[in-house]
Amino acid sequence: MEQHDKTSQGTNGYCTACGSPLEEGVSFCTKCGNPVAGKGADASSESSAGAVASSDAAGVAAPVVESEGVATPSGYETVMVGVESDMAREAQDDRDAAAQATEALYGVEGVESAFAPNEGAPAMPDASRQQTSTVSKKPLFIGIGIAVVLLAVVIVLVVLVFGKAGSAPTSDEGSAQDSAPAVQQPESTEGSAEEEKDEEATSEPVVVNLTDSYTTRFSEVNEITYPAFTFQYPGSGWAVVDESVAASGEHVSVENVRNGAEVSYQHWGSYPSGSAVAELVDVERVADSSFVPSYVQANDHSDLGSFGVVRATLRVDGVDNGTVYAVIPDAALKNPSYMDMGSGLPAFDYSSWISFTCMTSEELDKQTEQEVIAILASFKVAEASDNASASKKSGEGSLSDPDGYVLSDSSSRTYSNAELEAMSDYELYLSRNEIFARHGRIFKNSDLQEYFGSKSWYDPRYTPEEFSESMLNANEKANIERMAKIEQDRNSPYID
């Protein structure tokens with residue numbers, strides 16, 4: 001509305017309601033709409049026009065009362081103009097509060113409405129439009145955030161998919177590679193070759209040299225008929241550390257001087273017993289044994305069959321007690337009755353109880369383990385002379401040699417019981433009388449006389465009555481006695 005200078009405003013007085021200067025010729029205050037008393041018709045007409053303008057500005061249509069062709073505001077119109085002014089002030093206050101809240105929340109001075117006036121949205125009052133704009137900003141930002149997250153996920157998926165597609169062959173290429181032989185893949189072949197070389201380098205064969213041997217002495221010390229046993233061991237790095245022989249039995253140990261691994265032979269004259277309950281679990285046969293069972297004191301133990309070397313876990317009273325390597329009958333792998341655990345270690349019955357074992361609580365290195373197995377595998381009954389052993393196994397040798405001896409050195413050394421036990425009944429019969437034949441004794445038994453008479457070295461000079469045992473040396477006497485005892489124990493048919 002047009003503004004007037006202060007002089008003209010002051011001459012027309014001031015509004016009694018709001019104190020604003022009144023303009024000339026109006027019947028109500030242009031600021032607050034309060035009617036001005038005592039104004040004429042012209043003023044009323046101008047005031048009416050101003051009120052209409054004010055009502056239009058507030059967006060409310062005021063009723064008009066026509067009087068003699070002149071539109072003048074009614075009392076109701078005057079009241080409504082005041083109400084509209086109050087609403088206008090409240091709307092402005094709301095806009096200011098909304099603007100401040102927006103600035104505090106988003107750090108901006110305001111956000112434009114999603115719709116420009118008259119463009120796709122109906123016109124609305126300024127206060128309502130500002131509130132709508134402010135309230136709609138939060139979901140807008142949330143939507144933008146969600147869109148950004150979704151876009152990032154899509155980018156990651158695209159990178160992964162195209163990355164795999166780039167590195168993987170196409171379906172045709174994959175089918176071709178699947179159907180192609182392995183030799184057409186040089187990279188894989190080279191890798192496999194290198195792995196095989198590494199395995200060969202780490203799996204070099206272990207060399208075990210058994211250079212020394214030991215022969216048990218129980219029968220020699222006790223002067224009884226019992227076989228002697230022998231076993232071999234590496235002379236370098238191993239040594240006999242324990243050796244004891246008594247009437248109750250024999251014990252011998254050889255030890256690895258580098259790590260203390262110990263292989264022990266044990267012979268019990270009576271049944272070994274103990275209070276602990278021992279058993280073998282996870283038994284594995286690792287080697288053949290050289291041990292071949294035979295006669296002991298007229299008892300045939302050949303029913304034990306073949307022997308082997310086993311590796312197993314020793315369990316005592318239900319608790320694993322380490323690893324044991326042992327010589328046992330193969331039959332014991334299926335029937336435990338062929339083996340006894342009364343001593344706490346595996347043993348077998350050979351007219352006395354025998355065990356040949358290695359007990360360890362720690363894992364052996366590869367070299368030591370192979371040496372232990374080789375020592376155990378070499379265990380066997382001590383043989384007689386090479387000739388006697390050969391004749392027994394092949395049926396040839398001294399018995400088929402017209403000038404040969406069964407025991408060529410029976411006058412120079414005493415044979416062990418084990419060596420003599422390895423001979424057959426007939427070999428023992430000939431060997432025992434061979435000692436007499438060397439001194440020229442004549443035999444009453446025709447078979448002996450015929451046999452020795454065929455030998456070029458035989459010179460019969462003494463009848464049985466003329467022959468004297470004083471002609472025999474100590475070795476010859478000992479050999480005769482041991483052979484006769486073995487023959488008696490066996491109930492040999494060649495005993496006189």
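Trainee: Which helix do the buried residues of α12 pack against?

Mentor: In this predicted model, the buried residues of α12 pack against α11. The general idea to carry along is that an α-helix has 3.6 residues a turn, so residues three or four places apart point the same way. In α12, which covers residues 446-453, the residues Leu 448, Tyr 451 and Phe 452 are buried. Seen down the helix axis, the buried residues of α12 fall within an arc of 85 degrees, so they line one face of the helix.

Trainee: Which residues are exposed on the other side of α12?

Mentor: On that other side, Ser 446, Glu 450 and Gly 453 are exposed.

Trainee: Where does Lys 455 lie, and is it buried or exposed?

Mentor: Lys 455 lies in the loop between α12 and α13, the latter spanning 474-490. With a relative accessible area of 5%, Lys 455 is buried, since buried means under 20%. Lys 455 and Gly 404 are 51 residues apart in sequence, yet 7.6 Å apart in space, C-alpha to C-alpha.

Trainee: What is the order of the three strands in the open sheet?

Mentor: As a general point, strands of a sheet pair through backbone hydrogen bonds, either parallel or antiparallel. Here the three strands form an open sheet in the order β3-β4-β15, and the pairing is antiparallel. The edge strands are β3 (212-215) and β15 (380-381), each of which pairs on one side only. Between β3 and β4 (residues 229-233), the antiparallel pairing extends over four bridges, and Thr 215 has Thr 230 in β4 as its bridge partner.

Trainee: How many helices and strands are there in the chain, and what percentage of its residues count as buried?

Mentor: The chain has 13 helices and 15 strands, and of its 496 residues, 34% count as buried. Among contacts between residues at least 6 apart in sequence, 57% join residues at least 24 apart.

Trainee: Where does pLDDT stay under 50?

Mentor: The general rule is that where pLDDT is low, the predicted coordinates should not be read in detail. The mean pLDDT of the chain is 74, and 64% of its residues reach 70 or more. Over residues 38-79, pLDDT stays under 50, and the model has 48 contacts beyond four places in sequence for that stretch. Over residues 385-398, pLDDT also stays under 50, with 25 contacts beyond four places in sequence.

Note on methods. Residues numbered from 1 in each chain as written. Predicted model: local features only at pLDDT ≥ 70, side-chain atom pairs only at ≥ 80, totals over all residues. Heavy atoms only, no water. Pairing = 2+ DSSP bridges. Helix = DSSP H or I, 4+ residues; strand = E, 2+ residues; numbered from the N terminus. Buried < 20%, exposed > 50% of the residue type's maximum accessible area, 1.4 Å probe, protein only. Arc of directions from axis to C-beta. Contact = heavy atoms within 4.5 Å. pLDDT = per-residue confidence, 0-100.
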